[in-house]
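These are my notebook entries on a single chain, kept in the order in which I looked things up.

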Amino acid sequence: MAMAPAALKSKMKETIYNGLKAQFGSSASQGQQYSPIADEQWQKMAEAISGIAADIVMEITQNAQVLPGIPTAGGPTNQATVAPGKIL
């Protein structure tokens, strides 16, 4: 399956947001009317930080080298990999 920068970014954004909320949620609830502001800031931080996901995917798909010896199956004209490769 091909790596998708947007899909990884979306997953990372959700994970980052949930982590920020879990770590700082109790503190934010102590301030009067602070929770909506904090939530907005967590969303912005998650958006900014998750942008690195596209960089990661692009680096792997464009510059990674795979070790030789990936197991394959099929005839000489119709080979298919049957196990993942190992990135150097």
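Entry 1, layout. I read the elements along the sequence and noted the pattern α-α-α-β-β, that is, three helices and two strands in the chain. I kept in mind throughout that this is a predicted model.

I looked up the radius of gyration and found 20 Å for the chain, whereas a compact globule of 88 residues would have a value near 12 Å. The box filled by the C-alpha atoms, taken along the principal axes, came out at roughly 70 × 20 × 20 Å. I also noted that buried residues make up 11% of the 88 residues, and that the chain exposes about 6,700 Å², of which carbon and sulfur atoms supply 58%. Among contacts with a separation of 6 or more, 48% are between residues 24 or more positions apart.

I listed the members of the largest nonpolar core, which has seven residues: Ile16, Tyr17, Leu20, Ala28, Ala38, Trp42 and Ala46. Helices α1 (5-28) and α2 (35-50) each supply at least two residues of this core, and the largest share, four residues, comes from α1.

I checked the length of α2 against expectation: at 1.5 Å a residue its 16 residues should span 22 Å, and since its end C-alpha atoms are 22 Å apart, the two agree. Which residues of α2 are buried? I found Ala38, Trp42, Ala46 and Ser50. Seen down the axis of α2, these buried residues fall within an arc of 90 degrees, and therefore they line one face of the helix. They pack against α1 and α3 (52-63), while on the other side of α2 I found Pro36 and Ala48 exposed.

Leaving aside its neighbours within four places in sequence, I found serine 50 in contact with Lys9, Met12, Lys13 and Ile16. Methionine 45 is also found in helix α2, but with a relative accessible area of 37% I recorded methionine 45 as partly exposed. Lastly I looked up the separation of the C-alpha atoms of methionine 45 and glutamine 62, which are 17 residues apart along the chain, and noted 27 Å.

Notes. Residues numbered from 1 in each chain as written. Predicted model: local features only at pLDDT ≥ 70, side-chain atom pairs only at ≥ 80, totals over all residues. Heavy atoms only, no water. Core = buried A, V, L, I, M, F, W, Y, C linked by side-chain atoms within 4.5 Å. Buried < 20%, exposed > 50% of the residue type's maximum accessible area, 1.4 Å probe, protein only. Expected span 1.5 Å × (residues − 1). Arc of directions from axis to C-beta. Contact = heavy atoms within 4.5 Å. Rg over C-alpha atoms; globule rule 2.2 N^0.38 Å. Areas by Shrake-Rupley, 256 points an atom, 1.4 Å probe, with all protein chains shown as cover.
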